[in-house]
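Thanks for asking me to look this one over. Here are my notes, point by point, for reading beside the model.

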Amino acid sequence: ALITGGGTGIGYGCALELGSLGARVTLAARREDVLQDACDKLRDHGIDAASYVLNIRDNDAVLDVMGQITAERGLPDHLVNNAGGQFASKAEDISANGFRAVMDLNVQGTWQMSAAFAEAHRQAATPARIVNIVFAHIDAMERFAHAAAARAAVVNLTRTLALEWGEHGILVNAVGPGPIMTEGIAQYDESESGATRIHQLPVPRWGEPHEVAQLVTYLLSPAGDWITGGFYPIDGGAQLVGRRWEV
């Protein structure tokens, strides 16, 4: 399994879950120190883990690293597109460069990883699976117009790639985490992170990375052999609360 942004949070949770079930795990992200720490922890669990420094916005780097991984560890069977990012801002305060940066990371990066991975499998005539990690709230998110647009684009990309690539044995799905307690949540204040609204969820608590990882694992397992083009929220029922939660 190849996992982008796999050094922390949901990505690391996926690596730990898949590795614990016997997968050979390869992490790709921008920060070498974080990757090395993650690999050390995975190996402490007896997991075969390796890492590659990669900026998924750089298509040449994506192609190079995919080639390196294939040569050194074999062509991965699974790709988890977990790398992404955004920042909180009112829509009127988002600059053109800021909007573009979020779109490049979340949409262009996901596309470039998926395209390189799928092309390698088409050439090898081998089946494969892709799971894209996106926000649970893809229709509207206050102070995250750029991120909401990007994640909605990834869901549509997921469905279209599933439609086109199914004949090649490549299954593509998306998982939509809601409020998950990760290291990254600390960068936002309580109103931005949703901490003040957790009590409004039908299941009123934070989600955990391992819970998302279990859903990803299901889609990558034999249980998911006939599942493609889907978007699966895992959010404690947050999608049922509405677009504007009461504070």
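1. A word on terms before the fold: helices are DSSP runs of H or I with at least four residues, and strands are runs of E with at least two, numbered from the N terminus. Please keep in mind that this is a predicted model.

2. With those terms in hand, the protein reads β-α-β-α-β-α-β-α-β-α-β-α-α-β along its sequence. In total you will find 7 helices and 7 strands. The radius of gyration is 17 Å, close to the 18 Å that the globule rule gives for 247 residues, so the protein is as compact as a globular protein of that length. Its C-alpha trace spans about 50 × 35 × 35 Å along the principal axes.

3. Buried residues account for 49% of the 247.

4. Is Ser114 buried or exposed? Its relative accessibility is 1%, so Ser114 counts as buried, the cut-off being under 20%.

5. Which residues does Ser114 touch? Leaving aside residues up to four places away in sequence, Ser114 is in contact with Leu79, Asn81, Ile130, Asn132, Leu161 and Trp165.

Definitions and conventions. Residues numbered from 1 in each chain as written. Predicted model: local features only at pLDDT ≥ 70, side-chain atom pairs only at ≥ 80, totals over all residues. Heavy atoms only, no water. Rg over C-alpha atoms; globule rule 2.2 N^0.38 Å. Buried < 20%, exposed > 50% of the residue type's maximum accessible area, 1.4 Å probe, protein only. Contact = heavy atoms within 4.5 Å.
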